[in-house]
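Dear colleague,

I am passing on the structure below, and after it you will find notes on what turned up when I went through it. Please read them with the structure open beside you.

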Amino acid sequence: MIDFVALASVGIRGLRAYDPGHDLVALRRMAPPGGLVELGSNESPYGASPKAKQAIAAVLDGIHIYPDPLGGDLKRALAQQHGVHTAQILLGNGSHELLMQFAQVFAGAGDEVVASQYGFAVYALAAQAAGATLRLAPALPKDHAMPRGHDLDALLAAITPHTKLLYLANPNNPTGTWYGREAFAAFLAQVPSHVLVVVDEAYAEFVDAPDYASALGLLSQYPNLIVTHTFSKAYALAGLRVGYAIAHAECIAVMERVRESFNVNALGLAAAEAALGDTAYLAQTVAANAVQRQVLASALRARGLTVSPSQTNFLLVEFGARTAAIEAALVARGVILRPMGGYGLGECLRITVGTETENTRLLAALDEILEKGRA
Ligand SMILES: Cc1ncc(COP(=O)(O)O)c(C=O)c1O
């Protein structure tokens, strides 16, 4: 018998594969009449822009040829949208791919990667897969205005001369919390220039907090800053896998060395460009999410549950000692949420903000379960 774990590189040996949550395909097959209420993966319940769907249809006749390896049209559209040069943009098969590759390229054995406790799980995976040492900074306390959010001072304190990369998300998944523009500017000014700071803005389009600003505004000042975005969330193209990073052109040029030549497929390129252009549809999705986020958070709070403030399309909710039982009972009723045990938050569930109908179904199922628990 071959010991494949022993054969793997040092960083991979101690890793556990990314946990995507429930096996949704199996659950869909067993779904009760009316189908599942899928609120576990922070997808958009409103679907993709009709223009994106038309763009996909238009490329179907050409799928026997390779996609544009440069992703030129999409990069030009992104460059215009963000006021950067195309050479500053790196396209990814989802932003997950890029988050992994930043560690692969810039960190290795003997290097340190800093992230926050309760930061997105991929940062730890990326660091460990690269063979680097992960240093987790403690998160803000549970009773803070941003419960379990990033503690920028703690992140700074975790930096050593060995630190190569620092990952943070704004807003963060799974906490939904965010930090403001001034706090981040002050933080970045103190990060040594040898540390690359990756700011993951997967949920940025959903934000309406007045103190928030994308880190993109600081790019020209800080060559060590990297910002990632995705088309999987507000643009509702999760099934196509398109994400991108914006950074200093020389940083992107180094990253290009490991990029697979056709990493973004033709349907993804076309759909992302069309979705980006459909600003009215994006605004509609974001507005609907903001309304439902507020309604759902209030409804959950009215049931005595603690809901973290969120600027995303999901809520982190504390269910206490009965969390696992409640979650299982929800699954039995066809309502899928994301258990948080993998984040050390076994007393919480993460709930994607659904449509009004989906949220109503979730609340009805929850009422039934909580009622039973009381009886
Ligand atoms: C914070 C954050 N970053 C990145 C991603 C990865 O998204 P994708 O690979 O679909 O672009 C996710 C997905 O859930 C996320 O929550």
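**A sheet and a domain interface**

Strand S10 (residues 314–318) and strand S13 (residues 348–352) run antiparallel and are joined by five bridges; helices (H or I, at least four residues) and strands (E, at least two) are DSSP runs, numbered from the N terminus, and two strands pair if DSSP finds at least two bridges between them. This is a predicted model, in which local features need pLDDT of at least 70 and side-chain atom pairs count only at pLDDT 80 or more, while totals for chains, interfaces and linings use all residues. Residues are numbered from 1 along each chain as its sequence is written, and side-chain values use heavy atoms, with hydrogens and water left out.

Within this pair, Leu315 stands opposite Ile351 in S13. Both strands belong to an open sheet of four strands with antiparallel pairing, in the order S9-S10-S13-S12. Strand S9 (306–307) and strand S12 (338–339) are at the edges and have a single partner strand each, so one side of each is left without a neighbour in the sheet.

The domain assignment (automatic or from a database) gives domain 1 (4–47 + 280–374) and domain 2 (58–277). Their contact (heavy atoms within 4.5 Å) takes 32 residues from domain 1 and 34 residues from domain 2. Across this interface the rule finds three salt bridges, each a side-chain nitrogen of Lys or Arg within 4 Å of a carboxyl oxygen of Asp or Glu. Glu347 forms a salt bridge with Arg148, and their closest N and O atoms are 3.2 Å apart.
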